[in-house]
Structures are given as structure tokens and as C-alpha cells.
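Please look at the sequence and the model below. The report that follows takes up a few places in the chain and describes what surrounds them.

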Amino acid sequence: VWGDTVTVINTANPEEILATDGLTSRDLVLAKIPIGLPDIREEGARDAAVTSNATRAYVPLEYSGLVAVIDLMTLQQIDTNPETELIDPINLRKAVPGAAPRYIAIEPRNEYAYVAGREIGTIYVLDINPNSPTYNQLVQTINTGLSGISGLAIDSEGTKLFATNKLGTDSYGGQIFVINIDPQD
């Protein structure tokens, strides 16, 4: 992921492809998928998360406040708002002015994606369950109290969300904020 394009590569058998005479790492590319809105240049894609069933990828677009959704079967961006003519990503700024999403983590049940920006300590919770009436919508915000977030991760059971931040310019100093996301709790 970089800029306004997601490159999908073939990881099923890269050694075999690269062992073929004349083929290079460029031959591993399956698709280059344009994301975001067509009238915005350089939306700031830096991170992506894939659902555990490998059907969708979610890509935060920091500079525009959007989250692009990619159908990994058809290799194209999904329209999250069919009421407009454009192919629309999820628009966080509609609900939270100034949202600048950069990091993302998806819990193993594929119910929610957790998205955070590096400038403020807010985590945006997206409903990513296709059977939900609020599918691909912002359903909650979590204020961590951190000055900004530098990474997100979810434990293997899908019960805890970890948000980290750095303190100043010291790469060894920082905080970890743990959030209970256990649906049974």
C-alpha cells in the first residue's frame, strides 16, 4: 500500500514464478487497485488489514479521512455508499471532523475493524459484518487519552485491542493502552 494504489501480489508460489527464466518480482503482481476518491491526489494510504477469510481489505487514507474497502475476489474498491455516483470509501470525517486514519486492525471474527490516527488518541470502530444493518459504517469512537497512536494490534483470541504511542522522539519510550473488546464481557 502506498499513495492511492494497492498492489496485490501472488504469494501462493513465488519461488516457482521467480525460478522461471526471464521472470522477475514484477511478475508476482496480480493487480494494482486504485483506491480513494478520483479527485483527491495522494490520500495517504500507509497501512491495510485483511479479513480473516481473505475476502476484503480495509485501507485507511490519512489525508482524506477515508477508509477504502477492497473486494479481494474481484480486486476492486467497494462502494460503501450506493446513493452517489462515485465509488465511495467509508468517510470518517462525516462523523468526526478532522479524522486522519492511519493504522488498522481487524478482530478475528470479522465483526469490527479498529482504525486510529497518529495525531490524536481516538480509535474509530467500523462495523465490517456484511450481515449487519450498519455494515461499513462508523459505529463507535474510543478516546484513549493518548496524545496520538503509533500502532494497533489485537490478541489472537480477539478480546484485547492494543494501542501504542511514542513519547517524544525517544524510540524506546512510549505507552500501551489495552482495550477490552471481548464480545462476551
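Asn136 is placed in the loop between S10 and S11, where strands, like helices, are DSSP runs numbered from the N terminus (helices are H or I with at least four residues, strands E with at least two). Although Asn136 is not a glycine, its phi is positive, at about 60°. With a relative accessibility of 6%, Asn136 counts as buried, a term that means under 20% relative accessible area, whereas exposed means over 50% and partly exposed lies in between (1.4 Å probe, protein chains only).

Asn110, in the loop between S8 and S9, also has a positive phi of about 60° without being a glycine, and Asn110 is buried at a relative accessible area of 9%. As background, most residues other than glycine have a negative phi.

## Basis of the description

This is a predicted model, in which local features need pLDDT of at least 70 and side-chain atom pairs count only at pLDDT 80 or more, while totals for chains, interfaces and linings use all residues. Residues are numbered from 1 along each chain as its sequence is written, and side-chain values use heavy atoms, with hydrogens and water left out.

## The sheet

Four strands form an open sheet in the order S8-S9-S10-S11, and their pairing is antiparallel; two strands pair if DSSP finds at least two bridges between them. Strand S8 (103–106) and strand S11 (137–143) stand at the edges with a single partner strand each, so one side of each has no neighbour in the sheet. From one strand to the next, the twist averages 25°, with axes taken as lines fitted to C-alpha atoms (for helices over the stretch in contact) and angles running from 0 to 180 degrees between N-to-C directions.

Strand S9 (residues 112–116) pairs with strand S10 (residues 122–127) in the antiparallel sense over 5 bridges, and Tyr114 stands opposite Val125 in S10.

## Asp127 and its surroundings

Asp127 belongs to strand S10. The side chains of Asp127 and Thr134 are joined by a polar contact of 2.5 Å, and a polar atom of the Asp127 side chain lies 2.9 Å from the backbone nitrogen of Asn129. A polar contact is a pair of N or O atoms within 3.5 Å; within protein, one must be able to donate a hydrogen and the other to accept it, and residues adjacent in sequence count only if both atoms are side-chain atoms.
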